[in-house]
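My plan is to go from the whole chain down to a few single residues.

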Amino acid sequence: MTRVVLAPDSFKGTVAAVEAAVALAEGWASVEPEAEFVHRPMADGGEGTVAAFEAAVPGAVRMPLAVDGPAGVRVDTFWLLLPPTVDAPDGTGVIDLASTSGIELLQELRPWDADTTGLGQALAAAIDHGVSRLVVGIGSSASTDGGTGMLSALGARFLDATGVPVARGARGLADIASADLTGLRAAPDVRVLTDVTNPLTGPRGAAAVFGPQKGLRSVDDIAIVDDGLGRLAELLAIDPAGPGYGAAGGTGAALVAWGGELAPGAAEVAELMGLADALSDADAIITGEGSYDGQSGDGKVPSFLANLAAEAGAVAMLAAGRVTADADTSSFADVASLTALAGSSEAALAEPVRWLRAAGAVLARTAAARTAAARTASAGEPS
């Protein structure tokens with residue numbers, strides 16, 4: 001009987017990691033009904049982080065709340081309470097920016113006015129509950145506010161030269177003359193999950209690299225926001241060149257200023273949900289994401305899990321929405337592309353669950369064929 005760990009990331013915009021894992025298992029089971037499956041849907045701090053923990057950690061409890069979303073309206077969401085552990089005796093709160101202040105919550109981009117207030121409100125709710133530790137995923141941000149909305153919701157005040165609070169979002173950055181942190185709530189142990197290593201400012205900074213995705217179009221607009229982020233770094237007494245400080249429109253820097261510690265998203269999620277233990281007696285692991293390309297080897301979920309599988313002696317397999325020509329798939333024994341199986345990207349996107357099931361079946365058959373070939377070769381060796 002084959003033991004398969006299912007640990008895909010979300011197929012962004014089409015299928016959540018939890019659904020992807022179920023579909024892959026159904027496909028494999030159609031070929032090998034007696035197979036045993038261990039579901040460990042993954043995330044790297046972006047979309048689906050909370051859902052991944054909810055699926056993988058027994059006893060996790062949703063804690064509903066409403067926050068001020070990036071569109072300026074209330075958003076019904078939740079944070080996740082994980083059971084107590086030795087290093088977090090009062091439990092761990094898992095919160096992702098995507099579900100509180102994320103770009104998917106916008107119907108249209110708001111480059112100047114979207115902010116991270118909702119994230120801060122969710123963090124405050126978890127602190128009020130009394131958790132020992134916070135795990136914060138900061139992918140999929142809608143704003144470039146330097147995390148000022150989040151810090152404001154936690155008690156900070158950002159004031160202009162006349163002592164009046166500045167406008168929310170990137171709009172207010174240029175007007176910040178002082179930061180009053182006397183009312184800022186104390187941070188518990190805070191782990192910040194991100195796969196971004198960009199600094200806060202400069203040509204690789206939050207405004208220059210990620211600002212256009214959030215609606216900052218002109219060179220002048222980007223320069224205004226970049227200057228504002230630099231001034232914010234001075235007021236928060238942090239180095240704008242810090243790796244990962246530019247994540248989520250500068251929210252990475254704000255969380256560090258609050259007391260958080262940045263961590264590689266995939267590695268931290270894997271550790272917190274015990275993926276290494278799940279792999280210790282597994283035969284194979286299937287991971288994947290929407291697009292496996294030339295950048296997927298840079299700390300993303302699939303490449304990280306391929307290395308983890310190699311350490312555990314398990315076979316690593318990949319199922320991806322598409323696999324581009326520049327992608328390095330050498331770490332995987334078998335690869336299934338939904339686009340190739342469906343015949344086109346349009347067909348794959350139209351029915352992703354169907355083609356994930358097909359991918360699971362293909363991977364099961366190729367694994368069985370490889371095992372059979374190995375047995376044949378072994379039988380033919382001289383004793």
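These are my entries, in the order in which I looked things up.

**Ground rules.** I am reading a predicted model, where local features need pLDDT of at least 70, side-chain atom pairs count only at pLDDT 80 or more, and totals for chains, interfaces and linings use all residues. Residues are numbered from 1 along each chain as its sequence is written, and side-chain values use heavy atoms, with hydrogens and water left out.

**The whole chain.** I started with the secondary structure and found 14 helices and 13 strands. Helices (H or I, at least four residues) and strands (E, at least two) are DSSP runs, numbered from the N terminus. The radius of gyration is 22 Å, close to the 21 Å from the globule rule for 383 residues, so the chain is as compact as a globular protein of that length. That radius is taken over C-alpha atoms, and the rule is 2.2 Å times the number of residues to the power 0.38. Along its principal axes, the C-alpha trace spans about 85 × 45 × 35 Å.

How many of the 383 residues count as buried? I noted 50%. Buried means under 20% relative accessible area, exposed over 50%, and partly exposed in between (1.4 Å probe, protein chains only). I also checked contacts (heavy atoms within 4.5 Å). Of those with a separation of 6 or more, 72% join residues 24 or more positions apart.

**The aromatic pair.** I found 1 aromatic pair in the structure. The ring centres of Tyr 292 and Phe 332 are 5.8 Å apart and their planes stand at 85°, so I wrote it down as edge-to-face. Tyr 292 belongs to strand 11 (residues 284-292), while Phe 332 sits in the loop between strand 12 (315-323) and strand 13 (334-337), 40 residues away. For pairing, rings of Phe, Tyr and Trp (its six-membered ring) need centres within 6.5 Å; planes under 30 degrees apart count as stacked, over 60 as edge-to-face and the rest as tilted. Both partners are buried: Tyr 292 has a relative accessible area of 3%, and Phe 332 has 7%.

**Helix 9.** Which residues of helix 9 (265-272) are buried? My list reads Gly 265, Ala 266, Glu 268, Val 269 and Ala 270. They pack against helix 2 (49-56), strand 9 (189-194), strand 10 (261-264), helix 10 (275-279) and helix 11 (301-312). After helix 9 comes Gly 274, with a positive phi near 65°.

Ala 55 is in helix 2. Is Ala 55 buried or partly exposed? At 42% relative accessibility, Ala 55 is partly exposed. Beyond four places in sequence, Ala 55 touches Val 18 and Pro 41.

**The loop between strand 6 and helix 5.** Thr 144 lies here, between strand 6 (133-137) and helix 5 (148-153). Thr 144 is buried, at 1% relative accessibility. Leaving aside neighbours within four places, its contacts include Ala 170, Leu 173, Val 225 and Gly 249. Gly 215 is 71 residues from Thr 144 in sequence, yet their C-alpha atoms are 9.7 Å apart. The loop also holds Ser 140, a residue other than glycine with a positive phi, near 70°.

Ala 248 counts as buried, with 9% relative accessibility.
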